[in-house]
Amino acid sequence: MVSWDLIMGCGTSVATATQGKDEKTGRYAIKAAVLIQRWFRRYMARLEMRRRYTWNIFQSIEYAGEQDQLQLSSFFSFMLNNVTHLNGNGPDLISKLMDSASDPWLENENCYNLVTVPETYTGPRLSFPLSVSDMNALLGAFKEQQTLHARYVLQLLHETRKLLKQMPNIIHLSTTYTKEITICGDLHGQLDDLLLIFYKNGLPSAETPYVFNGDFVDRGKNSVEVMVLLFAYLLLYPDYMHLNRGNHEDHLMNLRYGFTKEVMQKYKIHGCEILQLFQDVFSLLPIATIIDGKILIVHGGISDQTDLDFLSILERHKIKSALRFPQTTVEQLSIGQSSRQVKRIRSTDSSRPSSSRSHNIQRTPHQRERRCRPNRQDSSASTSSSSSSSSCSSISLCSLKTPPCFRPHPPHPSSPSGSVFQLPFLDSLSAPSPPQHEQEWKQIVDILWSDPKTLKGCCPNTFRGGGCYFGPDVTRRLLLQHGLQLLIRSHECKQEGYELCHSGQVITIFSASNYYEEGSNRGAYIKVGRELMPRFYQYQVSRSTRKLTLTQRVRAAEGSAFRALKEKLFTHRSELILGFQEYDHNNTGTILVSEWAQVLETGLRLDLPWRTLRPHLVRLASGGRVDYQSCFEDMEPGVPQVEVTPNLADALFRYRKDIEIIFSIIDKDQSGLISIEEFRHTWHLFSAHLGIKIDNRAIDDLARSIDFNKDGSIDFNEFLEAFRVVHKLDNKDQPVNRIIGKE
């Protein structure tokens, strides 16, 4: 018994010791797991913060570019409509810049027959009316990066124009005859995204109808191919393929963001004719789609002035560009300081009777009798978001008494460039309601350019520069007024490809993946069935990011964003340094972090967390002060081939893209050459626009000095390349981000 007790006792002691050791080990394991979890959560939180401010950088720079384009377009529209003399040759030059008249040759419906297709052409040969075999040939050719011959592009555009002329402004669809309708957002010339959608969801057909919600072109390198496929499927299945117009279906937007250049590079002989046809076709695209009378689909959004009945009867083809403002006459314009005001204005628009139009086939007696509502002051303008509040109080292209529309951002008060032209709308000072043509224009602008916001009310979209911000109350009011349930829009890139807001009553859908940078965002599309419940499908076209970890993807996008931001800083260098020096009273080269952030906020007008971004942009000196010159250390200018004055050099760096656009308009054949006389007049015009003082002799000397072979022509592409901001650590073959203006 003793031996058994001893044995049993020994056994018990060993078990107890083991159990205690296991419990201790378990406690350590739990503590370790908690520590790892805390570390991981903090790491992911920091990663998410980096991802969000990277996104904010990309979006802020994108919208700043749109503001620049709106301001440039507004200036040319104003000059074309109102100015009768500028430096002896103003009207001729401005008319040339903004001429949108169609070539009489294109009015001939069979003009494409005059274009011969050589036997050496190996691409697809189309026969009209199109067939499924033609579509398969197109798809196969574009996958092999072949280009469709100009003859077929011209015929395709002619046929598309004839079809669109018969369509109403607002398309009404029904799920009664189909199981589901697929809705896609912005594509921006990204052919791979379109092909992936077709692969995942099916090719357009009676069983798979589509609605593509605008912004088919610009920024991507295959805008022509995207448009050819969409128009071809529209001709093949006009009842099952539907296209809404976006704000980039606009020839003035195409000048900055790449579509114009792409067409001219791919079609060097008939590029001008193709562009003019695209311009006509874009203006004929429907502006909205309604599914089962319950779901409204528009590209941008709405405003508190949006009237669907009025939109259904306006003559949409007259709005060739939403950037071309309605014609007004300014009788007296004081060109002085930044407080320039219009002293007296009057309208040149005359009222016109409404007439029946072939494409407005769904008009009702109620719609014909309905009148547009008079303008009213937006009571919520003072509650705009922080990103727009700084600009609302300044004189702009639209008074707050007009419906939300385009407003270029005002110059910084301390800017050496002085001021820009300020063009109040006619009705903002006198007429209680705008003329018919202007009202049509404003309705289109709000549909194409507006964005939703969380605050109530409707206020100018000063962050983007066009349209308005509309709140949840505006959404509810419009949906209730027209018996709708849901608003689907696009226009904004979203990280997951879609986003819900306004209590689920507004959905944003964006179909261009990797929009800012590889791995920056997913694309998505929506499918809606008879129950009208949207279902979302996400994807991401990627050849390299799949092999990268999340951290590597964030780091790559972050690096690209900071490169773009540093370039923005460099192009505003003179203005920023003046701002920094106002706080640097002792000329130490250092200022407080708060002062540095304030100068950037007021000088660049980008809604960014500058204190958070500070470690990536500038060094700290002793005492925690900012060495503000270090902002520009990673950048350097190109090497100019000619000497220019500092004032002129600053303008060249800062407004290089705008100048390139003007030169491109002048250079009709895209040869890269313009005459010295055109160069002079362009600079005189643009310096007046900028409000900067550049000596005429400096411009003349510059023009003569860059005519290297003395033949009276200037290679402006080579000239402007010398004024491109260069990243010191760049590799020559490193891709340049397309959002900052490099097509």
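At 6% relative accessibility, Glu262 counts as buried, where buried means under 20% relative accessible area, exposed over 50% and partly exposed in between (1.4 Å probe, protein chains only). The model is predicted, so that local features need pLDDT of at least 70 and side-chain atom pairs count only at pLDDT 80 or more, whereas totals for chains, interfaces and linings use all residues. Residues are numbered from 1 along each chain as its sequence is written, and side-chain values use heavy atoms, with hydrogens and water left out.

Glu262 forms a salt bridge with Lys266, with the closest N and O atoms 2.8 Å apart. A salt bridge is defined as a side-chain nitrogen of Lys or Arg within 4 Å of a carboxyl oxygen of Asp or Glu. Lys266 has a relative accessible area of 28% and is therefore partly exposed. Both residues lie in helix H9 (residues 259-266), 4 residues apart, about one turn of the helix. Helices (H or I, at least four residues) and strands (E, at least two) are DSSP runs, numbered from the N terminus.

The structure holds 22 salt bridges. One of them pairs Arg50 with Glu558, whose closest N and O atoms are 2.8 Å apart. This pair links distant parts of the chain, with Arg50 in helix H1 (residues 2-82) and Glu558 in helix H16 (residues 550-571), 508 residues apart. Arg50 and Glu558 are both buried.

A further salt bridge joins Arg535 to Glu180, the closest N and O atoms being 1.7 Å apart. Here too distant parts of the chain are linked: Arg535 is in strand E16 and Glu180 in strand E2, 355 residues apart. Arg535 counts as partly exposed because its relative accessibility is 34%, while Glu180, with a relative accessible area of 19%, is buried.

Strands E2 and E16 each pair with strand E15, two strands being paired if DSSP finds at least two bridges between them. E2 (residues 180-184) runs antiparallel to E15 and is joined to it by 5 bridges. Within this pairing, Cys184 stands opposite Tyr525 in E15. E16 (residues 535-539) is likewise antiparallel to E15, with 5 bridges between the two strands. The bridge partner of Ala524 in E16 is Gln538. E15 and E16 form a hairpin with 5 residues between them, and Leu532 in the turn has a positive phi of about 60 degrees.

Strand E15 itself (residues 523-529) is mostly covered, with 7 of its 7 residues buried. Gly523, Tyr525, Lys527 and Gly529 are buried on one side, and Ala524, Ile526 and Val528 on the other.

Helix H10 (residues 271-284) has 14 residues and reaches 20 Å from its first C-alpha to its last, close to the 20 Å expected at 1.5 Å a residue. The expected span is 1.5 Å times one less than the number of residues. Of the 14 residues of H10, 12 are buried, so the helix is largely enclosed by the rest of the structure. Among them are Ile274, Leu275, Leu277, Phe278, Val281 and Phe282, together with Glu273 and Asp280.

The axes of helix H4 (residues 132-143) and helix H7 (residues 223-236) come within 11 Å and cross at roughly 170 degrees. Axes are lines fitted to C-alpha atoms, for helices over the stretch in contact, and angles run from 0 to 180 degrees between N-to-C directions. H4 and H7 are therefore roughly antiparallel to each other, a term used for angles over 145 degrees. Val132, Met135, Leu138, Leu139 and Phe142 in H4 meet Glu225, Val228, Leu229, Ala232, Tyr233 and Leu236 in H7, contact meaning heavy atoms within 4.5 Å.

Notes
Angles under 35 degrees count as roughly parallel, over 145 as roughly antiparallel, 65 to 115 as roughly perpendicular and the rest as oblique.
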